[in-house]
Amino acid sequence: MSAPKKLYIKTYGCQMNVYDSERMAEALAGYESTDTPDDADMILLNTCHIREKAAEKVYSELGRYKGLKADKPDLKIGVAGCVAQAEGEEIMKRQPMVDLVVGPQSYHRLPELEAKARSGQKALDTDFPEEDKFEHLKSRPKAKRGPTAFLTVQEGCDKFCAFCVVPYTRGAEVSRPADRIVSEARDLVERGVREITLLGQNVNAYHGHERGLAGLIRALAEIEDLKRIRFTTSHPNDMDDDLIAAHGDCEKLMPYLHLPVQAGSDKILKRMNRQHTRDDYFRIIDRLREVRPDLHLSGDFIVGFPEETEEDFAQTLDLIERVKYGSAFSFKYSTRPGTPAAERDQLPESVKDERLQRLQALLVSQQRSLQDAMVGKTVNVLFEKPGRLPGQMVGKSEYLHAVHVESDTLIPGDLRSVRIVESGPNSLKGVLN
Ligand code: 5AD
Ligand code: SF4
């Protein structure tokens, strides 16, 4: 028998791509994974199109594989993900060394595409097929897993924020049926998983359960050895009453919520087509904190959106001051082809740079003070792996802070009560209670 071929996948962008990369590796059953392109028989770039220079990044990465391909003519190179969806044909034309292009909705067709590429033909599939790719993907092999896993439950978006390519690259909102998700979750738990993060571009718009995402979370909470549930990423308008209530009464749902608002001025929110006001956002946060006072919030922010004045930006800073975020991601607005805001007059880059710096300074200081405030408190830590120093184990608290503890007895998957004794640059130090 010949040795299995080797597959190298490089993943860009969000957690949904991380999940997709795992599933693609499983779909290509004849391959085993390698973590370097050097010995690979197939290289797959799982790309992200959310911000600018996405395609350029892909081309420059491809350029680095030229030598490999020259040395090993059998090496197949594929591009997957959202850049593949948006620019697949163009990539094939511009970069002849690409053998295979596959969009995010067609991964279940990878085995046929791979066979086609192996036979020397170009293979391209960027359809939005009728069939459910998850059902067609080979079920996960029963190998042991680490304590945390992602599970995609929903894809696509119908919101059409004026800056965003997702509705175009990932298509309309689609939810997977709850019973399938519960059985996939059971399978993960049997293999050692203790925490599942439910993923979706608009995960709280999930409608594969009659009671929406809250219904799904409650169904998953019944799985005894599943200890923690998280979900990301959400839109404020889909935070329904039941989901808010679940933060108060579902013990396994962690007190950490990523709820992007993008901007703090009503004028910009309207121009962004977010379909809610800043007060709507405050009201949701107030209700969440009423049922779960220790909730940590995370968000996404865009600065320098067209027509953003200094006054509008000050409103974003004010919103951040009021909410107090445990963590956040922030970006300069970048024009995305085909989206409405790309056609509008743009702000100078220097203004965007300067605003981003001020915004990030505020977010970092908030993050820091919330992390420092954990000292002296008791948290629950799900341990994931050994730390950098011998005898150390690292895990995450319910608020998603990394916590390290000195112990020779802990193993990955242990969930233990820990008292925080120190706050370092990127993590907390604790002792077992
Ligand atoms: N420019 C800058 N940031 C963007 N995002 C999405 N589209 C753009 C864009 N055109 C950010 C949003 C979103 C996150 C995933 O990426 O903040 O929530
Ligand atoms: Fe993009 Fe808005 Fe949909 Fe989020 S809600 S994926 S930002 S269009």
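Colleague: Where is C164 found?

Modeller: In this predicted model, where local features need pLDDT of at least 70, side-chain atom pairs count only at pLDDT 80 or more, and totals for chains, interfaces and linings use all residues, C164 is found in the loop between β8 and α7. Residues are numbered from 1 along each chain as its sequence is written, chains are lettered from A and ligands numbered from 1 in the order in which they are written, and side-chain values use heavy atoms, leaving out hydrogens and water.

Colleague: What makes a stretch a helix or a strand?

Modeller: Both are DSSP runs numbered from the N terminus: helices are H or I with at least four residues, strands are E with at least two. The loop holding C157 lies between β8 (154–155) and α7 (166–169).

Colleague: Why is C164 called buried?

Modeller: Its relative accessible area is 14%, and buried means under 20%, exposed over 50%, partly exposed in between (1.4 Å probe, protein chains only). C164 is therefore buried. C157, at 10%, is buried too.

Colleague: What does C157 touch?

Modeller: Not counting residues up to four places away in sequence, C157 touches V166, P167, G171, A172, E173 and N202, contact meaning heavy atoms within 4.5 Å. With the corresponding neighbours left aside, C164 is in contact with I50 and T339.

Colleague: How do you know that there is a "binding site" at C157, C161 and C164?

Modeller: That comes from UniProt, in an unreviewed entry. Positions follow the numbering used here, feature names are shortened, and annotations may be inferred rather than shown by experiment.
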